[in-house]
Amino acid sequence: MKAVTAILLAAGEGRRMVSRKQKVMHPLCGRPIIEWVMRSVQRHIIERPVTVIGYDGESVKDYFGKDSTYVYQASADSTAEALRAGLSAVSADKGYVLVIAGNLPLISDGTVTALLDAAKKGSASRLICLSENVTLIVAAYCFELRAIRECLDRSVDSIEQCVGALRKDGRMVVDVYAPEIEGIEVDTREDLWCCSEIMRREINAAHMRAGVTFIDPNTAYIDADVKIGMDTVIHPNVELLGNTVIGEGCTLHSGCRLESTKVGNNCVLDAVVGIEAEVADGAKIGPFVRLRPNSHIGAGCKIGNFVEVKNSTVGEKTSIAHLTYVGDADVGSKVNMGCGTVFVNYDGFKKHRTTVGNNVFLGCQTALVAPVKVGDDVYTGAGSVITDDIPNGALAMARCRQENKEGWVEKYRERKRK
């Protein structure tokens, strides 16, 4: 049996979080807190969920868009009022409705199933989590629609008062018991940290069960939507965020922070920051490399220390050894860039692109002033400032010829002594 819908309670200001942000929108292992709750109910409902919003409600609407129906609760002082507001968006008069607080990220799919199954035995069910010292009634319920609407017509201020009223009327409310951790409500930063520790441990353990090695799983921060191939090794102090995908047989050394970045098979990364970038098979990158959005690194490339790539495509087996900026460029395969190569992509008004062909050797401190095209099999002299296109097979030099003035130093020093 499925519920008609779920009502998620997310109107509270959450002052104990000490934040201008709605508490259910604080990130937890790559997802807002409330998204964890929404995912736990999605397969159990027929219609899209109803989210009761108030303080900073627009941030919730902006994130979920059309995936939810929204109603405003003017004052978050009463959970009964929140439920009344939520039910105003439910047109069905038969069936069941789940009611769950939006700050319960650890509630499991199995517990939601148990709430639904228990509610079928009567008019409602509620979640209870037990700890060693206290019995905690958690803000998670399932109600038969007619019964809860009749109850809310009375003068009740909380959902728990609704439960009491139903029982007073002789209606059955079944208590469902779950582990203590499922009842952790995120009301403070400490709660958020506690949930993060629990989730991160499970995320890392799941990757290990799938064939990933962690040198120290306690210092690896992996978001929930990250995918990692088997036989990949994750060293300490690695962050994999967003929708990052790591292939098989890779090694990620300390200092890597990848956000929504795709890495192919058998790659080695060392202290690499990558944001919305893509790295093909067999690339070796780092240390101290930054891959900015829309950077595509070809198979077998070698990118060394203090290199930045931005909005560029780098062909396979290209070597960018050190101290280089590649911006707004299309670089061919088997290119060698000498130390200090710079793609000068900005003229003060607009960004321009540079094209570099295959089998090109760029001498140290070559500056390519965009827009410019470098053909195949081209060499540039060290220190050249390239402002014009270079045809295939040419050697380009753009610098003044060296001139030695013998005896100049002694004459200069003699003038200073006078």
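Hi everyone, let's talk about aromatic rings: this structure has five aromatic pairs, where rings of Phe, Tyr and Trp (its six-membered ring) pair if their centres lie within 6.5 Å. Planes under 30 degrees apart count as stacked, over 60 as edge-to-face and the rest as tilted.

One of the pairs is Tyr63 with Phe64: the ring centres are 4.9 Å apart and the planes stand at 85°, so this pair is edge-to-face. Before we go on, please keep in mind that this is a predicted model, where local features need pLDDT of at least 70, side-chain atom pairs count only at pLDDT 80 or more, and totals for chains, interfaces and linings use all residues. Residues are numbered from 1 along each chain as its sequence is written, and side-chain values use heavy atoms, with hydrogens and water left out.

Is Phe64 buried or exposed? Phe64 is buried, at 7% relative accessible area, while Tyr63 is partly exposed at 40%. Here buried means under 20% relative accessible area, exposed means over 50%, and partly exposed is in between (1.4 Å probe, protein chains only).

Next come Trp408 and Tyr412, a stacked pair with 5.1 Å from centre to centre and 5° between the planes. Both sit in helix α8 (residues 408-417), four residues apart, about one turn of the helix; helices are DSSP runs (H or I, at least four residues), numbered from the N terminus. Trp408 is partly exposed at 45%, and Tyr412 is partly exposed at 35%.

Finally, charges over rings: NZ of Lys or CZ of Arg must be within 6 Å of the ring centre and within 35 degrees of the ring normal. Arg200 has its charged end over the ring of Tyr221, 4.1 Å from the centre, and Lys351 lies over the face of Tyr346, 5.5 Å from the ring centre.

Methods:
Helices (H or I, at least four residues) and strands (E, at least two) are DSSP runs, numbered from the N terminus.
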